Amino acid sequence: MKATTRFLMILTLCLPFVVSAQTKNELPDVAIDCVVIDAGHGGKDPGCSWGGNLEKDLNLRVALRFGAMIEEAYPDVKVIYTRKDDRFIELHERGDIANRAGADLFISIHTDAVGNNTAHGNSTYIMGNDKSEKNLAVAQRENSVIVMEGDYEAKYEGYDPNSAESFIIFSLMQYAYSEQSMIFAEMVQKHYSLNTPITNRGARQAPYLVLWRTAMPAVLTELGFMTNKSDRDYLLSPEGEQAVSKALFDAFSEYRTKCADKANLAQPQQPQQPQAEVKAEQPKVEQPKAEVKKEEPKAQEPKEEPQVKQEPKEEPLKFYAQLCTLSAKSNPNDGKFGHYKGRIVQKQTASGKWRCMVEGKDYDEAKRIATEADKRGFKGAFVVAFRGDKWIPLAEAR
């Protein structure tokens, strides 16, 4: 392959991250108020299986149990599931669900499998480059499901799961939220060790398509090996299913708490008000009584007419095509916005991120811009509605 062609392919693969997020090297100092839980596989894609036990079913049970724990413990956290039943969802759509929701964390749940039934243990992956052939092989197996999708070469920028060269080029991509993702991945592995007897294989990097376009910290976790009897028996037991779900919940709790602590430390401390000095009570000196004068009658003032309160006018509803979400406010004329530079409108989300949008005169024009933007490299662009700075669900806006 010529050097120029190779460079263009790498640049094309990296484009979604250039426009979707900025590099993070530490925990975010924002509240974690939205998490997306992805049960791997589903529908016509069963994942790995053994003795009639399907990976897709185990992944879903753990995802729902894990999400229920978050919903019970943190009612203020929005939990979004990529699927809550047995259905097939394309890999790119799983990440786009998280992007559209402006999620703060994405967790994809899987179960491992290899031809060697002695391999055992759990592991958690982030998007990145790892030279280990074993890690790349696991990612290649998970990525191969795209052949079940229509027109997958166009959706995944020419990636071919059967081409070794294509896979190597794809693996060179660096994920914008790699540091934050690795922090959470290590927490997951720590709590697996604390909650389960399954061997800890560690936090790793590998180029997973399901993590490819997520504009937030994201991990893919392998609960254990379906092909190993010890792992399989434990994971399929009620105790094992509960334990791995609890491990994921404990990792989420730790990550959320540390992010909240950092956010609190970032807030300026209010100085304490000095206490008022207590003065000794002075003896009261009785003052002579003043002579009481007769009050002169006052002239009656004219009554003011009651003023009619003016109701504030409701701001007009506006529709936008959201191109991406950034961690910090950007210059609207920045070259990374390409065709749309100078037209970018930015509004902050509740979690502190910034929506980068292009206004349409109505819903139809915003939808047209979103469709066009998707083709121009802003993958997953979609329509949003606002009244002033208040986000309005499209179901209410139309």
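Predicted model: local features only at pLDDT ≥ 70, side-chain atom pairs only at ≥ 80, totals over all residues.

Reader: Where is Gln189 found? And is Gln189 buried or exposed?
Author: Gln189 is in helix α7, which covers residues 178-195. Its relative accessible area is 3%, so Gln189 counts as buried.

Reader: OK, zooming out. How many helices and strands does the chain have?
Author: The chain has 11 helices and 13 strands. It runs to 398 residues, and 48% of them count as buried.

Reader: What about the surface: how much of the accessible surface belongs to carbon and sulfur atoms?
Author: 51% of it, out of an accessible surface of about 21,800 Å².

Reader: And the contacts, what share comes from residues 24 or more positions apart?
Author: Among contacts with a separation of 6 or more, 79% are between residues 24 or more positions apart.

Reader: Let's go inside. How many residues are in the largest nonpolar core, and which have the most contacts there?
Author: That core has 43 residues, and Val35, Ile37, Phe66, Ile70, Ile109 and Phe252 have the most contacts inside it. Several elements supply at least two residues each, including β1 (34-39), α2, β5 (105-112) and α9. The largest share is from α9, with nine residues. As general background, nonpolar side chains tend to be buried together in soluble globular proteins.

Reader: You mentioned Val35. What is Val35 in contact with, leaving aside neighbours within four places in sequence?
Author: With those neighbours set aside, Val35 contacts Ile70, Val77, Lys78, Val79, Ile80, Leu105, Ile107 and Phe252. There is also a second, separate core of 21 residues, and Cys356, Ala366, Val383 and Ala397 are among its members.

Reader: Changing topic: how many aromatic pairs does the structure hold?
Author: Six. One of them is Tyr74 with Phe252, an edge-to-face pair at 6.0 Å centre to centre with 65° between the planes.

Reader: Why does that pair tie together parts that are 178 residues apart in sequence?
Author: Because Tyr74 lies in the loop between α2 (55-73) and β4 (78-81), whereas Phe252 lies in helix α9 (residues 238-266). Tyr74 is buried, with a relative accessible area of 18%, and Phe252 is buried at 0%. Ring pairs also link Tyr74, Phe249 and Phe252 into a cluster.

Reader: What about Tyr320 and Phe386, why is that pair edge-to-face?
Author: Edge-to-face needs planes over 60 degrees apart. The planes of Tyr320 and Phe386 are at 80°, with ring centres 6.0 Å apart, so that pair is edge-to-face. Tyr320 is in strand β9 (residues 317-326) and Phe386 in strand β12 (residues 382-387), so this pair ties together parts 66 residues apart in sequence. Both Tyr320 and Phe386 are buried.

Reader: Which residue lies over the face of Phe386?
Author: Lys347, at 5.5 Å from the ring centre. Elsewhere, the charged end of Lys44 sits over the ring of Phe88, 4.7 Å from its centre.

Reader: Quick one on Glu372: where does Glu372 lie, and what does Glu372 touch?
Author: Glu372 is in helix α10 (residues 363-375). Not counting residues up to four places away in sequence, it touches His339 and Tyr340. Glu372 is partly exposed, with a relative accessible area of 24%.

Reader: Last one: what is phi of His41 near?
Author: Phi of His41 is near 65°, a positive value in a residue other than glycine. For context, most residues other than glycine have a negative phi. His41 is in the loop between β1 and β2 (49-50), and at 7% relative accessibility His41 counts as buried.

Notes. Residues numbered from 1 in each chain as written. Heavy atoms only, no water. Helix = DSSP H or I, 4+ residues; strand = E, 2+ residues; numbered from the N terminus. Buried < 20%, exposed > 50% of the residue type's maximum accessible area, 1.4 Å probe, protein only. Phe/Tyr/Trp six-rings, centres within 6.5 Å; stacked < 30°, edge-to-face > 60°. Lys NZ or Arg CZ within 6 Å of the ring centre and 35° of its normal. Core = buried A, V, L, I, M, F, W, Y, C linked by side-chain atoms within 4.5 Å. Contact = heavy atoms within 4.5 Å. Areas by Shrake-Rupley, 256 points an atom, 1.4 Å probe, with all protein chains shown as cover.
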